[in-house]
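This report describes one protein model for a reader who has not seen it before.

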Amino acid sequence: MSSFLDTLKDRIVVFDGAMGTNLQIQNLTLDDFGGLRFEGCNENLLVTRPDAVEKVHSAFLEVGCDVIETNSFNGTPVDFAEYEIGDKAYDMNVLAAQLAKRVAGDYSTKAQPRWVAGSMGPGRKLPTLGHIAFLDLKTAYREQVRGLMDGGVDLLIVETCQDLLQTKAALSAIFEHFESARARVPVIAQVTIEVFGTMLNGTEIGAALTALAPFPIDVIGMNCGTGPRHMTESIRYLCENAPLPVSVLPNAGLPSVVDGKMHYDETPETFTAQVIHFAGDFGVNVVGGCCGTTPAHLKLVVEAMQRITPKERNAALVPAASSIYFQQPYVQDASFLIVGERVNASGSKKMRDLLNAEDWDGLVSLAKDQEREGAHVLDVNVDFVGRDGEADMHELASRLVTNIKLPLMFDSTEWQKMEAGLQHAGGKSILNSTNYEDGVPRFTKIIDLAKRYGTSVVIGTIDEEGMARTAVGKFKIAKRAYEQATGELELPASDIFFDPLALPISTGIEEDRRNALETIEGIRRIKQELPGCFTILGVSNISFGLNPASRVVLNSVFLHDAVEAGLDAAIVNASKIEPLNRIGEQELKVARELIYDQRQFDGDVCTYDPLIKFTTLFEGVKAKSAKKASKGETVEERLKNHIIDGEKIGLEAELQTALQKHPALDIINNILLEGMKVVGDLFGSGQMQLPFVLQSAEAMKAAVRFLEPFMEKKGGATAKGTMVLATVKGDVHDIGKNLVDIILTNNGYKVINLGIKQTIDNILNSYEEHQADAIGMSGLLVKSTLIMKENLELMNERGITVPVVLGGAALTRRYVDDDLKSLYKG
């Protein structure tokens, strides 16, 4: 273990290049792979043609690469199940590791040791989008890790990550195996940033770093997706912000087809020039290649890296949470960190009513209200007597993680509910909370949960004797927790929020009078004496029992003064907080007198009580109601925005109104489709992420379903036409294809979705059976673009001239126009 990590301090380490590309150029036949059933399964070559895999390993070692990756990219039981060999996953990973170790051993010397990295790819199912459960995916990765480790790999690389929740499942599997096997090797985690600047689910590089840095990985980086030119800004960000070694393994540019063969636009010379820039100027520590890179590329990289010494970087991680979309720093430039409080069954009747009705769309809408009103983080609490809290958390969290761009704070007295939420959150969350009320075991249980899932944690100032009420007591408990958490439990101080617990000052009871000022003093002391940590409060507790108008004022003044004392975050309804300049002079003065218990006495007799004065000021006063932002002046505008926002709440009522003015078909064609066109434009320009596109599609589907009874049935359906849709043979990728299915179906077309790995015969048989108006062919792999060309040639031979739609990451406009459009006679 130390050999690889020690070498990183001395020089740039060079990984190998593309396994798939360099297998493909060997012109292997279907028989080489093991027959039609194993078409595209590179891993099966370990059984049928291990010499082909060995040839790739040897070629990269021959040019001087330090590390070769095992042929195990799609090596989990879930991936192998596509080829009906899920039960062989362990054995295949052992084979992959043993083969690579044997070949590396032939080249390894004391002067230049060679290492084997166990390759763990993203698989074909995205847990964030509900394709597979987190625990099922983690179990699958455990089997792969066990095989790679038993086969003798020197390190593990989780690569080409498209979904942060998938990455977490892989990392959790790795570290759980290390713990049970009492063995450890270095771990690298690499995400894939697409040409539109985010991961497939819409994750920015800052959010990815925030989510993955809490795990005990040794290197973080990027690979695949694009060539080095498109990686520059993301790699610069990692090098400036990651306190870890950074890796970069780009593709050899972007693929296209030239003279019927796959071509990548980066030559060995241009590729190497950019890798030199990453290592020499940014301080990248590990380099190598991904799709399209050959031994010729890596030969020049190896030679160039011998002339570069690792650049010293003093990067510091920004303390933050993240959603699957964005990073949310804990230190805000012009505000405290606002944690929205309304999606909390313990404090919101509306939330409880929606939860009891299992109105999940209503709960998502409530969360969106918090986002619109300015919350930075969303508190989520489903504690409701008589309900299955774990099941409720699974249902709600699975929806919130894609519908809401905010990081989530899972709030419960039961750790099982918090863990249920964490199994859906790809970003970095916050756990609320732990304390010493039930002794040390529960305190450590929540800290352990935070470490296993990579979260921050709220610690309340409660111990075995109860809730601390004085500033001294609050600080004493905080200091105890700080020392244990940052010491023996190894939780960074930057992942701790202390909650000194605001208690009501509105009861008139003597022991409650100093609650606010003791809390403010507690905050001040915690911030002064416990470096690196943060503080948080549930602000509205302070005014419990007062009328709504007075609560807004008291909460706002108390919050302002707590922030002045050092408060970093507050759990509040942002729409119910007012800046001090909007509060009347008299109301502000009396609120402060109440907060700081400035009663006046004549002997033992109270002659002035600010609580009485404060309540008198607000007799008969109603709180201002915040008007929800309008979604449009006309029903047409509102309907269009329902589709763009993916908002189903209120959709049917608007459709009913529209039907009074327009025929149902006109509503679909002239209003709703306009909304979907905007969605398409936003997605194409990178301004809308995939999960939000799916939400818009679901809203469209709901609208069409509602309108169908109002439309004339022509030809037995309202379909505008029929398309046969399929992923071409040898390709098992179908996320994009399924998205096209949803959008076309919602736009009034009938879609026959044949699934993955479809031969041209299957596609054409379905075309004839359904008398389709168009054929859609999809594929992510580079070789799929060649298969599409072959399919079009065969369609020419059979005299088929139906319109064809092609899609896939490897397609380029030039290739389609020059090579495919000109070829096809339809």
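In this predicted model, four strands form an open sheet with parallel pairing, in the order 26-25-27-28. Strand 26 (750–753) and strand 28 (804–807) are the edge strands, and each pairs on one side only. On average, neighbouring strands of the sheet are turned by 20° against each other, direction ignored. Strand 25 (residues 722–727) and strand 27 (residues 774–778) run parallel and are joined by five bridges. Val724 has Ile775 in strand 27 as its bridge partner.

Helix 30 (residues 782–797) consists of 16 residues. From first C-alpha to last, helix 30 reaches 24 Å, close to the 22 Å expected at 1.5 Å a residue. Its buried residues include Val782, Leu786, Ile787, Leu792 and Met795; Ser784, Thr785, Lys789, Asn791 and Asn796 are also among them. What do the buried residues of helix 30 pack against? Their partners include two strands of the sheet, strand 27 and strand 28. Helix 29 (760–770), helix 31 (813–821), strand 8 (255–258) and strand 9 (261–264) are also packed against by these residues. After helix 30 comes Gly799, which has a positive phi, near 70°.

Another part of the chain holds Cys290, located in the loop between strand 10 (286–287) and helix 13 (295–305). Is Cys290 buried or exposed? Its relative accessibility is 12%, so Cys290 counts as buried, the cut-off being under 20%. Leaving aside neighbours within four places in sequence, Cys290 is in contact with Gly17, Ala18, Asn223, Cys224, Leu249, Pro250 and Asn251. Between Cys290 and Glu511 there are 66 Å in space, C-alpha to C-alpha, and the two are 221 residues apart in sequence.

The following values refer to the whole protein chain.

| Property of the protein chain | Value |
|---|---|
| Helices and strands | 31 helices, 28 strands |
| Box filled by C-alpha atoms, along the principal axes | roughly 100 × 80 × 45 Å |
| Buried share of the 826 residues | 57% |

Among contacts between residues at least 6 apart in sequence, 76% join residues at least 24 apart. The radius of gyration of the protein chain is 30 Å. A compact globule of 826 residues would have a value near 28 Å, so the chain agrees with that expectation.

Methods. Residues are numbered from 1 along each chain as its sequence is written. This is a predicted model: local features need pLDDT of at least 70, side-chain atom pairs count only at pLDDT 80 or more; totals for chains, interfaces and linings use all residues. Side-chain values use heavy atoms; hydrogens and water are left out. Two strands pair if DSSP finds at least two bridges between them. Axes are lines fitted to C-alpha atoms, for helices over the stretch in contact, and angles run from 0 to 180 degrees between N-to-C directions. Buried means under 20% relative accessible area, exposed over 50%, partly exposed in between (1.4 Å probe, protein chains only). Contact means heavy atoms within 4.5 Å. The radius of gyration is taken over C-alpha atoms; the globule rule is 2.2 Å times the number of residues to the power 0.38. The expected span of a helix is 1.5 Å times one less than its number of residues.
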